[in-house]
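User: I would like to go through the pockets, the core and the domains of this protein, with the criterion behind each term.

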Amino acid sequence: MNKDFYKHIFNKHQDIEAVPSNKEIATWALGLIRLLFPEQSKRLFHSVKEIEDELESSEVQLRKIMDSTGACHNCDNKEKAAKFFNDIPELYRLLNTDVAAILDGDPAAKSEFEVIRAYPGFYAISFYRVANALFLLEIPLLPRILTEYAHSKTGIDIHPGAQISEYLYIDHGTGIVIGETAQIGHHVKLYQGVTLGALSVEKSMASVKRHPTVGDHVVIYSGATILGGDTEIGSHSIIGGNVWLTKSVPAGSVVYHESQIKVLERKF
């Protein structure tokens, strides 16, 4: 093999940006989520002080991860980690609204414990909420690594930059895609295979709103594709399964895909 190729690969290894492993970053986030929601953990705490110490330890871990990430050298890591943890009560409140939305919306859900422990929708949402909080602090790389980790586990792809209000309900969830500039109101229900995507993926549109806006109390059924930064779904609308939508609809709309289905009687 050509020696220049070996040299090229070697130089790439020397120049690569230092970032902790995805597993280490995801383990930190999982530890935080399990601390907030013991339904996902077997660990027992015997005093409030132990909880306080664990949160302080998690903050130190986040700061170390940021310090170890080459892109974070000028990020005011200590200040941003402290800001993230000061906002933990709000993060916890938002996640509890999502638990309530799933429990109230899914007839199959029997308890909060079941939603928190077993539902992939809550798993993906919890990683998104953590990642979004980091994203809003302009912390590089870590938010995307976290949401892609959840994507790999659940099949639910939520960009950390998406703006999602409280009481998000994801049912089943596999195949859901929510783009970076999507905006979702409160009490929204999304079923499997929904895409909130862009009409164009040109690099020149990186700083432009490319993904739809979804109002409050909207239901979007499985397989629906809604595209475009100018596309707005009015509040209290219902978007049926397999709909392809690239234009806005007013509040209270019902949009459905009309197909022809033929049933032929078999002769035995």
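User: What makes the residues around the largest pocket its lining, and which lie nearest its centre?
Analyst: In this predicted model, local features need pLDDT of at least 70 and side-chain atom pairs count only at pLDDT 80 or more, while totals for chains, interfaces and linings use all residues. Residues are numbered from 1 along each chain as its sequence is written, and side-chain values use heavy atoms, with hydrogens and water left out. On a 1 Å grid over the protein atoms alone, a pocket is an open set of points where a 1.4 Å probe fits, with protein on both sides within 12 Å along at least five of seven lines, and a lining residue has an atom within 4 Å of a point. The largest pocket has 20 such residues, and Gly31, Leu32, Arg43, Glu54 and Gln61 lie nearest its centre. Helix H2 (22–36) and helix H3 (48–68) are the elements that give two or more residues to this lining, helices being DSSP runs of H or I with at least four residues, numbered from the N terminus.

User: How do you know the volume of the largest pocket?
Analyst: Grid points are joined across faces, edges and corners, and the volume is the space filled by probe spheres set on them; for the largest pocket this comes to about 310 Å³.

User: What makes up the second largest pocket?
Analyst: Its lining has 14 residues, with Leu94, Arg129, Asn132, Ala133 and Leu136 nearest the centre, and its volume is about 250 Å³. H7 supplies the largest share of this lining, 5 residues.

User: Why is the largest nonpolar core called a core, and which members touch the most others?
Analyst: A nonpolar core is a set of buried Ala, Val, Leu, Ile, Met, Phe, Trp, Tyr and Cys residues joined through side-chain atoms within 4.5 Å, where buried means under 20% relative accessible area with a 1.4 Å probe and protein chains only. The largest such set has 67 residues, of which Trp28, Phe84, Ile178, Ile220 and Ile239 touch the most other members. H7 gives the most to this core, with 9 residues.

User: Which residues is Phe84 in contact with?
Analyst: Contact means heavy atoms within 4.5 Å; leaving aside neighbours within four places in sequence, Phe84 meets this criterion with partners including Trp28, Leu32, Val130 and Leu137.

User: Where do the domain bounds come from, and how many residues does each domain bring to the contact?
Analyst: The bounds come from an automatic or database domain assignment, which divides the protein into domain 1 (19–155) and domain 2 (162–259). The contact takes 18 residues from domain 1 and 17 residues from domain 2.

Definitions and conventions: Buried means under 20% relative accessible area, exposed over 50%, partly exposed in between (1.4 Å probe, protein chains only).
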